[in-house]
Amino acid sequence: MPPLSFWSVTQDWLLVETLGDQPVVVAQGRQMKNFVPLAVFLRRNPNLAAIQTAIADTVTSGTGLASITPKTKRVIRTEPVQMTDGRIHAVHVWCGPTDQEPPERPIPGPLKWDLTTGEGSATNEYLLNAGMDPSQESLTGRAFVEDIPSRSLNRDESKALSWVIDVAPDRTYCATWDFADKVGGFRRVGWCARTLMEANEDDGEHLISRAINLLEAVSESSLVGENLANRILNGLSQPGVYRVIVDLNTWTLLKWIDDPCPFFNWHGRVEMHPQDHEHFSERMAAELEEGMTSGVLRLPGNDGGWVPLHVTVTTVELDDGVNGGLVTLRQPTEAELADVGLDEAGRPLV
């Protein structure tokens with residue numbers, strides 16, 4: 001980054017996250033910044049105090065503002081980045097001559113994840129940045145796995161997945177992910193997130209992750225080829241076999257490695273058939289202590305009821321000391337169903 005005194009707000013919008021104890025810069029234009037305190041980023045800018053005031057006023061009012069700086073006679077423009085529950089995640093700010101219009105503003109997308117309940121809430125802006133169609137997606141009650149790109153491996157992604165398993169407040173995360181969106185186009189998206197404790201109306205405090213995504217610029221060189229990890233990943237895929245990373249403590253689905261499995265309803269919190277809990281805990285859970293297990297489990301059907309699937313679970317380290325499970329799903333064979341006394345619909349054999 002060039003000397004901070006040379007930073008010109010006339011060139012870019014600054015995305016300033018406001019959820020912590022001080023405002024921090026998380027993006028300059030379409031380039032992510034790793035939670036740089038605003039006072040550090042603008043330490044030699046004569047408009048620092050006026051910009052700080054404009055940001056604070058925007059958080060308080062929840063509306064965009066325009067004000068003239070008293071010393072330099074420049075205009076400061078702000079726009080709030082607001083979650084659907086009313087919380088301001090960040091403020092977009094631009095400062096320039098009064099006779100000049102700011103550049104086109106890249107639209108950030110707020111997202112809220114309740115790590116206590118395992119449910120998320122999104123905004124239309126977030127979905128658009130992530131390459132999703134808001135008319136085809138739910139804004140509330142989202143499963144974590146719905147908001148993590150499938151069929152790809154991204155740098156630092158395991159850190160985000162480990163957050164859901166090894167939960168703790170007062171963490172920050174900033175990264176850029178490259179992935180193919182749901183219509184097959186290449187997309188580069190920047191993410192920043194923070195975990196914090198928040199009061200819940202029903203049952204005390206919940207651990208919340210509040211995030212923002214931003215569509216980054218893509219160069220022509222980025223469109224050429226895949227990285228080695230994703231080529232290996234795609235080469236290991238098999239028709240009719242679906243891999244997903246899960247939290248082994250809660251069996252929350254975190255990330256599809258392949259396309260999502262069409263055989264069962266994986267949206268929301270996935271529960272296995274009550275009668276399969278005993279079977280799982282007695283044998284499969286013990287085998288998993290050794291690193292791998294497999295068996296036939298009944299999972300929620302797309303149209304209600306239960307569907308039997310063959311499940312293989314392998315432990316995988318997501319981050320230092322944080323393990324998840326790599327689950328491989330496929331339809332069971334007749335012999336596998338017979339071994340557990342079930343028919344194709346998951347009903348006990350007479």
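This is a predicted model: local features need pLDDT of at least 70, side-chain atom pairs count only at pLDDT 80 or more; totals for chains, interfaces and linings use all residues.
Five strands make up an open antiparallel sheet, ordered E8-E7-E11-E10-E9. Its edges are strand E8 (119-122) and strand E9 (172-180); each has a single partner strand, so one side of each lacks a neighbour in the sheet. Neighbouring strands are turned against each other by 25 degrees on average, direction ignored. Helix H4 (residues 157-165) packs on this sheet, where it touches E9, E10 and strand E11 (204-215). The direction of H4 makes about 120 degrees with that of E9.

**The sheet from E13 to E14**

Another open sheet, also of five strands with antiparallel pairing, has the order E13-E12-E16-E15-E14. Here E13 and strand E14 (292-300) stand at the edges, and because each has a single partner strand, one side of each is without a neighbour in the sheet. The twist from one strand to the next averages 35 degrees.

E12 and E13 form a hairpin with six residues between them. In the turn, Trp 251 has a positive phi of about 60 degrees.

**Strand pairs**

| Strands | Bridges | Opposite residues |
|---|---|---|
| E9 and E10 (residues 186-200) | nine bridges | Thr 176 and Gly 190 |
| E12 (residues 242-246) and E13 (residues 253-256) | three bridges | Val 244 and Trp 256 |
| E15 (residues 306-319) and E16 (residues 322-330) | nine bridges | Glu 317 and Asn 323 |

Strands of a sheet pair through backbone hydrogen bonds, in a parallel or an antiparallel manner.

**Helix H4**

Besides its contacts with E9, E10 and E11, H4 lies across E12, E13, E15 and E16. H4 runs at about 110 degrees to E15. The helix is mostly covered, with seven of its nine residues buried. The buried residues of H4 are Glu 157, Ala 160, Leu 161, Ser 162, Trp 163, Val 164 and Ile 165.

**Helix H6 and Pro 274**

Helix H6 packs on the sheet that holds E14 and E15, touching both of these strands. The direction of H6 makes about 165 degrees with that of E14. Pro 274 is located in H6, which spans residues 274-288. The relative accessibility of Pro 274 is 57%, over the 50% cut-off, so Pro 274 counts as exposed. Pro 274 and Leu 299 are 25 residues apart along the chain, and their C-alpha atoms are separated by 9.9 Å.

Technical notes:
Residues are numbered from 1 along each chain as its sequence is written. Side-chain values use heavy atoms; hydrogens and water are left out. Two strands pair if DSSP finds at least two bridges between them. Helices (H or I, at least four residues) and strands (E, at least two) are DSSP runs, numbered from the N terminus. Axes are lines fitted to C-alpha atoms, for helices over the stretch in contact, and angles run from 0 to 180 degrees between N-to-C directions. Contact means heavy atoms within 4.5 Å. Buried means under 20% relative accessible area, exposed over 50%, partly exposed in between (1.4 Å probe, protein chains only).
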